[in-house]
Amino acid sequence: MPMKNYGVLKGRVFDRKPASAQAEHYQLLVNRSSNSQRVAINTLSQTAPALVLFYHDDNFHHAITDAILAANLPNGYTELRGKSDANVNVKGICLDQIRSNLFHLQDMKPLQPSAPGPDNDLNDKLDMIVKQAINDPSAVLYAFGEHWQDTTGADNYFPELSPSRGIHQIHMNQGNPAGSSYYTENGIYQDGGLLFHFPSQGKWVAVFTAFQSQMFHTDDVYGKPLPGFKPGLPPAGAATASLHIVAAMVNPSGNDTGKEFVLLLNTGTTDINLSGWQIADNLNKRDTIGNITLHAGDTVKVTLSGNGAQMPNSGGTITLLNKDGIKVSGVSYTKADAATEGVLVRF
């Protein structure tokens, strides 16, 4: 069954404790007084290979940030699967590292928790972002993961926090292999992550992590690994890794029907037939591509029918799936990207 108590913790960061050999989580203190909570970020895996895959973006652009602001979440913890949060657009708020096209998975890198030298380990990378948030009174953190509350006493890291409570599982929460103690926690749209909003600077900063023991091709119902794939990031040398969504007409002039299209590029050396491939949107509505061969080094325009995948002007995702339904390329765009009629959005 999916992870319990999945949600988001919103608030200001007041303190942090880097990971150490004795404590392998990087800890954040969020909010003050009765609303205080802790965020625990894994910096090592209990399953080999132990190094955590890490990605961050200092200028993050994605439709999810508009959705978060539109949800007007209160300070503190909000459960994203509870009946009390029926007003929250779950798929618009919940994170899914595979389906939400939050970033290019190949950009994740394994990092040591701590290592000699500057800016070369997880502690360093997180410190650069967290210190900015601590020093900026306007900064707001949205930490996604699983909520916990311990009624036995004060927190071990921040004694002012009593009882101890907060968010953990700040990493991808799907693709755990069969036999793993975490296999039963697999699920879609329940991934962890950190989104820092800096209104005074007009930007968002994103942090995403995953374990190398997890698989990045999962089924669309349970988030369980698909057969035939190995743990870790998909190999960059795979034949279809040369196919990319490079642009899209998301806001055509006049009536959109029959005018929205996606531009695909083949950067490889092999021609690829796209018959049976699909273009999917963020609601998993799909358009099937006909008998088109995308030649090596060439581009092709795939026009949407208007009855399948949609590209709303409010922002969304565009995903290219091969004939087996496996994600090959994925991008996202924001409301601002789609603001001008008749202009291609480039990725």
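Lys 125 is buried, at a relative accessible area of 16%. Buried means under 20% relative accessible area, exposed over 50%, and partly exposed in between (1.4 Å probe, protein chains only). The side chain of Lys 125 forms a salt bridge with that of Asp 119, at 3.1 Å from N to O. A salt bridge is defined as a side-chain nitrogen of Lys or Arg within 4 Å of a carboxyl oxygen of Asp or Glu. Asp 119 is partly exposed, with a relative accessibility of 38%.

The model is predicted: local features need pLDDT of at least 70, side-chain atom pairs count only at pLDDT 80 or more, and totals for chains, interfaces and linings use all residues. Residues are numbered from 1 along each chain as its sequence is written, and side-chain values use heavy atoms, with hydrogens and water left out. The predictor's confidence in each residue, pLDDT, runs from 0 to 100. Its mean over the protein is 92. A pLDDT of 70 or more is reached by 95% of the residues. Over residues 83-89, pLDDT stays under 50. For that stretch the model has six contacts beyond four places in sequence, a contact being heavy atoms within 4.5 Å. Where pLDDT is low, the predicted coordinates should not be read in detail.

Seven salt bridges are found in the whole structure. One of them joins the side chains of Arg 32 and Glu 160, at 2.7 Å from N to O. Arg 32 lies in the loop between β3 and β4, and Glu 160 in the loop between β8 (140-150) and β9 (164-168), so the pair ties together parts 128 residues apart in sequence. Helices (H or I, at least four residues) and strands (E, at least two) are DSSP runs, numbered from the N terminus. Arg 32 is partly exposed, at 38%. Glu 160 is also partly exposed, at 47%.

Ser 36 is found in the loop between β3 (25-30) and β4 (37-42). Ser 36 counts as buried, with 1% relative accessibility. Its side chain reaches the backbone nitrogen of Arg 32 at 3.5 Å. Residues up to four places away in sequence aside, Ser 36 touches Leu 29, Val 30, Asn 31, Glu 160, Leu 161 and Arg 165.

Salt bridges that share partners join Asp 96, Arg 99, Asp 220 and Arg 286 into one network. Asp 220 is partly exposed, at 40%. Arg 286 is partly exposed, at 29%.

Strand β16 also belongs to an open sheet of four strands, in the order β16-β15-β19-β20. The pairing is antiparallel. Two strands pair if DSSP finds at least two bridges between them. The edge strands, β16 (286-288) and β20 (327-334), each pair on one side only. Neighbouring strands are turned by 15° against each other on average, direction ignored. Axes for such angles are lines fitted to C-alpha atoms, for helices over the stretch in contact, and angles run from 0 to 180 degrees between N-to-C directions. Strand β19 (residues 315-321) pairs with β20 over seven bridges, in the antiparallel sense. Leu 321 stands opposite Lys 327 in β20.

Definitions and conventions: A polar contact is a pair of N or O atoms within 3.5 Å; within protein, one must be able to donate a hydrogen and the other to accept it, and residues adjacent in sequence count only if both atoms are side-chain atoms.
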